[in-house]
Amino acid sequence: MSAGAIYQETLRMLRRQHLPAAAERDVVAALEAAQPGPLVLLYEAGMEAGLRRELLLPRAVGIFLGFAAGNLADDLCDGECGYFEEPARVGPYVQFLLQNLAWATLARTELPGRVLADAATGLALAAGPQALEVRTRQWTAPLFQEVAEGLAGQQWAAYLRLLWAGTRLEAKAPVGHGLGIAAHVAEDIRSRDLRFFSMPGPDQREVMRWAQAAVERVRGQQLRCLDAALRRIEPILQEVMP
């Protein structure tokens, strides 16, 4: 099994829903836009936690569906949903479909109700800072950090909570917070996002020190899956390290 196997299972699960052909095409477009997202990490983290295949695969699929719903919401907010001809008409229903399919999938993977409830609450709170992002015209380090704490930190902590529930790594799920922050900053650098590059130099340096501290917290867990993720993130961060 691999990250590719998770994506293929996502497509198989989608086909089993017997949606109208147009709806299936729209959903696949949103899934393609969300790749690779968390797929590699989900596979590596699930394997290191010792998850059985029959749990790892559907949990990873459910998390990826939820990630794709969030990615679509972000693209709609940012006006970057170029994979639909009419984003304002198509995007909302696809997001609604993906989100509900995600929770239906996760609910069948031996997750306790409290874990589902805590993760759902965490992801709902993670969406809150989007209200700041869509209204911001001038970014500063404190504002950048507040947005990243929710959109990335809380989001990734919730994903690991769902994936690792009932495993030996369950207690380590909060490390997803630091991983999400580091990944968020790295992605802004990779994509040359104005959210980062419009800030004055001192603010950029403050954010980079914050991201590096997050990297060190993640490394301190001494998990192979997290070290592998850092190997993908750190070279990007080093491009603009103070």
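Predicted model: local features only at pLDDT ≥ 70, side-chain atom pairs only at ≥ 80, totals over all residues.
The phi angle of His 18 is near 55 degrees, a positive value in a residue other than glycine. As background, most residues other than glycine have a negative phi, and most peptide bonds are trans. With that in mind, let me turn to the loop between α2, which covers 21-34, and α3, where Pro 36 is found. Gln 35 and Pro 36 are joined by a cis peptide bond, with omega at about -5 degrees.

Let me now step back to the chain as a whole. The chain is divided into domain 1, running over 1-110, and domain 2, running over 112-241, and the centres of domain 1 and domain 2, taken over C-alpha atoms, are separated by 20 Å.

How many residues of domain 1 are in contact with domain 2? On the side of domain 1 there are 21, and they are in contact with 27 residues of domain 2. The area buried between domain 1 and domain 2 comes to about 2000 Å², and carbon and sulfur atoms give 67% of that area. Within domain 1, the residues that lose the most area to domain 2 are Leu 41, Glu 48 and Trp 103, which together make up 34% of what that side buries.

Turning to the polar side of this interface, there are eight residue pairs in polar contact between domain 1 and domain 2, and the count of salt bridges between the two domains is one. On the side of domain 1 that touches domain 2, the elements that give two or more residues are α3 (39-48), α4 (53-78) and α5 (87-106). As for salt bridges, Glu 44 forms one with Arg 232, and the closest N and O atoms of the two are 3.5 Å apart.

Finally, a word about the aromatic rings, of which the structure holds seven pairs. One of them is formed by Tyr 7 and Phe 64, an edge-to-face arrangement with 5.9 Å from centre to centre and 80 degrees between the planes. Because Tyr 7 lies in helix α1, residues 3-15, and Phe 64 lies in helix α4, this pair ties together parts that are 57 residues apart in sequence.

Terms used
Residues numbered from 1 in each chain as written. Heavy atoms only, no water. Domains from an automatic or database assignment. Contact = heavy atoms within 4.5 Å. Buried area = accessible area lost by both parts, 1.4 Å probe. Salt bridge = Lys/Arg side-chain N within 4 Å of Asp/Glu carboxyl O. Polar contact = N/O pair within 3.5 Å; in protein donor to acceptor, adjacent residues only side chain to side chain. Helix = DSSP H or I, 4+ residues; strand = E, 2+ residues; numbered from the N terminus. Phe/Tyr/Trp six-rings, centres within 6.5 Å; stacked < 30°, edge-to-face > 60°.
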